[in-house]
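Subject: Structure for you to look at

Hello,

Here is the structure I promised. Please open it and read my notes alongside.

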Amino acid sequence: MIQSHYKKANIFAGVWAITMVALMVLATQSEGNIWENNDYLAITFFLAYTISLVLALWFYAKAKGYWGILGAFLFLLSVL
């Protein structure tokens with residue numbers, strides 16, 4: 001296992017967890033749909049949430065010695 005990729009995967013997984021909690025807080029405190037209210041803070045957190053999850057899976061796959069695209073494929077499987 002490549003340690004530098006493993007550390008990056010852990011960092012992005014931490015960012016993913018923090019943004020998930022932040023999104024839950026923002027969703028419970030906002031009135032109505034956050035997409036219709038143009039809540040730019042929530043949209044920014046959602047983008048950070050999605051990108052950090054993809055990168056965490058990417059670097060985890062690279063740390064295991066597989067292609068990084070396999071991590072992105074795992075993300076697509078979780079969406080489906």
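Helices are DSSP runs of H or I with at least four residues, numbered from the N terminus. Trp-58 sits in one of them, helix α2.

This is a predicted model: local features need pLDDT of at least 70, side-chain atom pairs count only at pLDDT 80 or more, and totals for chains, interfaces and linings use all residues. Residues are numbered from 1 along each chain as its sequence is written, and side-chain values use heavy atoms, without hydrogens and water.

Confidence comes as pLDDT, the predictor's score for each residue, from 0 to 100. The protein chain averages 83, and 94% of the residues score at least 70. Helix α1 has the highest mean, 89, and α3 the lowest, 72.

Helix α1 covers residues 3–29.

Six names to find in α1: His-5, Ala-9, Thr-19, Ala-22, Leu-23 and Leu-26 are buried. Buried means under 20% relative accessible area, exposed over 50%, and partly exposed in between (1.4 Å probe, protein chains only). The buried residues of α1 pack against α2 (40–63).

Take Thr-19. Is Thr-19 buried or exposed? Thr-19 counts as buried, because its relative accessibility is 5%. Contact means heavy atoms within 4.5 Å. Beyond its neighbours within four places in sequence, Thr-19 touches Phe-45, Ala-48, Tyr-49 and Ser-52.

Back to Trp-58. Trp-58 is partly exposed, because its relative accessible area is 31%.

Best wishes

Note on methods
Helix = DSSP H or I, 4+ residues; strand = E, 2+ residues; numbered from the N terminus. Expected span 1.5 Å × (residues − 1).
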